[in-house]
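Biologist: I am new to this model. Please show me how to read it, one feature at a time.

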Amino acid sequence: MNCLNCTTCESDCQLKEVDTPSLFCMNCQPSEAPCIKKCPNNAFEVLGGAITINEEKCDKCKECESICPIGAIQI
């Protein structure tokens, strides 16, 4: 399913501010994803074709946040 930017998920979400980064992204191919290539801690994992952040490995350096082509990562 592709995002239609309807913001329904944002208004329904109860987790407005969290202390740990979360991500479930299917925009980039994992083999080409700039966030995976840039992360110095290898904190990204691919689960079922989706790119996710392993919160235990992430040190919140924000290297991935600045390179994400669609701005999906917010730490």
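Modeller: Start with confidence. pLDDT is the predictor's confidence in each residue, on a scale from 0 to 100. Helices (H or I, at least four residues) and strands (E, at least two) are DSSP runs, numbered from the N terminus. This is a predicted model, so local features need pLDDT of at least 70, side-chain atom pairs count only at pLDDT 80 or more, and totals for chains, interfaces and linings use all residues. Residues are numbered from 1 along each chain as its sequence is written, and side-chain values use heavy atoms, with hydrogens and water left out.

Biologist: Where in the chain is confidence lowest, and where is it highest?

Modeller: Helix α1 (residues 8-12) is lowest, at a mean of 61. Helix α2 (residues 34-38) is highest, at 94. The chain's mean pLDDT is 81, and 73% of its residues reach 70 or more.

Biologist: Which pattern does the chain follow along the sequence?

Modeller: The pattern is α-β-α-β-β-α. That gives three helices and three strands.

Biologist: How many bridges join β2 to β3?

Modeller: Four, and the two strands run antiparallel. β1 pairs with β3 (residues 50-53) over two bridges, also in the antiparallel sense. Look at T52 in β3. T52 is the bridge partner of F24 and also of E45. Now find the hairpin of β2 and β3. Two residues lie between its strands, and G48 takes a positive phi near 60 degrees.

Biologist: Which residues of β3 are buried on each side?

Modeller: Buried means under 20%, exposed over 50%, and partly exposed in between (1.4 Å probe, protein chains only). In β3, A50 and T52 are buried on one side, and I51 and I53 on the other. Across the chain, 24% of the 75 residues count as buried.

Biologist: What does N54 touch?

Modeller: A contact means heavy atoms within 4.5 Å. Not counting residues up to four places away in sequence, N54 touches A43 and E45. A polar atom of the N54 side chain also lies 2.9 Å from the backbone nitrogen of E56.

Biologist: Where is A72 found?

Modeller: A72 is in the segment after α3 (63-67). A72 is partly exposed, with a relative accessible area of 33%. A72 and C25 are 47 residues apart in sequence, and their C-alpha atoms are 7.5 Å apart in space.

Key:
Two strands pair if DSSP finds at least two bridges between them. A polar contact is a pair of N or O atoms within 3.5 Å; within protein, one must be able to donate a hydrogen and the other to accept it, and residues adjacent in sequence count only if both atoms are side-chain atoms.
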